[in-house]
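Thanks for taking a look at this one with me.

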Amino acid sequence: TKHETRNTKHKTRNENMDIIERIKYNFKQGSALTKLIYINVGVFVVIQTITVLFALFNFTTESYISYLAVPADLSLLLKHFWTLITYMFVHEKLFHILFNMLALYWFGKIYLMYFSEKQLVGLYLIGGLSGALLYIIAYNAFPFFAPLISQSILLGASGSIMAIIVAAAVSAPNMELAMFFIGNIKLKYIAVISVLISFFGITSNNAGGEIAHLGG
């Protein structure tokens, strides 16, 4: 029995190593799209792990999320300038990253039918930067957001993904996707609806996120 238990532990350890090696292999050999998804998921796992550890010691997550997310406050942004890049790989909620990664995968695949992997990464970064810049400008330009500036931060890949969605729709406007409960819908309509939803949401509770979508 002891021998069998020892073998079981050894088998479990080998299986864990196989999974880790498989992930490493898929990351190295995968496309730029695969790498972007892996990076986002990896960052999410690390953040969730830190969040659990912080909670056990009654620490708040604000102390480290503020170093990764884009602040609307210009004076704070100057101190945390790197957040213009880091924010587009950071997600706190499971459904946030789930829907973002599904959209990134679907529309990223379509985008790669017309453009290169290098262009995909470039568009992801430029879309994210544009989203962050429009968010910063809007929050500091419109009086509506003035009371919120000091406490507002932006995180998530939505701006980057919106850029890829629109680019895919421009490249193949009449390509159809099967949508749950709706049926087939052309990419150009998906892009237009996505932009309109974001525009109508710029005064909602997720105003910063919707503005970043439009920036993307």
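This is a predicted model: local features need pLDDT of at least 70, side-chain atom pairs count only at pLDDT 80 or more; totals for chains, interfaces and linings use all residues.

1. Numbering starts from 1 along each chain as its sequence is written, and side-chain values use heavy atoms, with hydrogens and water left out.

2. The protein has 10 helices and four strands; these are DSSP runs numbered from the N terminus, helices being H or I with at least four residues and strands E with at least two. Read from the N terminus, the order is α-α-α-β-α-α-α-α-β-α-β-β-α-α.

3. Of its 216 residues, 35% count as buried, that is, under 20% relative accessible area with a 1.4 Å probe, protein chains only.

4. Now to helix 2 (residues 32–56) and helix 7 (residues 117–141): their axes come within 9 Å and cross at roughly 35°. Axes here are lines fitted to C-alpha atoms over the stretch in contact, with angles from 0 to 180 degrees between N-to-C directions. Ala32, Leu33, Leu36 and Asn40 of helix 2 meet Glu117, Leu120, Val121 and Tyr124 of helix 7, where contact means heavy atoms within 4.5 Å.

5. Is threonine 83 buried or exposed? Threonine 83 counts as buried because its relative accessibility is 0%. This residue lies in helix 5 (residues 83–86). Beyond neighbours within four places in sequence, threonine 83 is in contact with Ser66, Tyr67, Leu68, Ala69, Val70, Pro71 and Leu77.

Notes: Buried means under 20% relative accessible area, exposed over 50%, partly exposed in between (1.4 Å probe, protein chains only).
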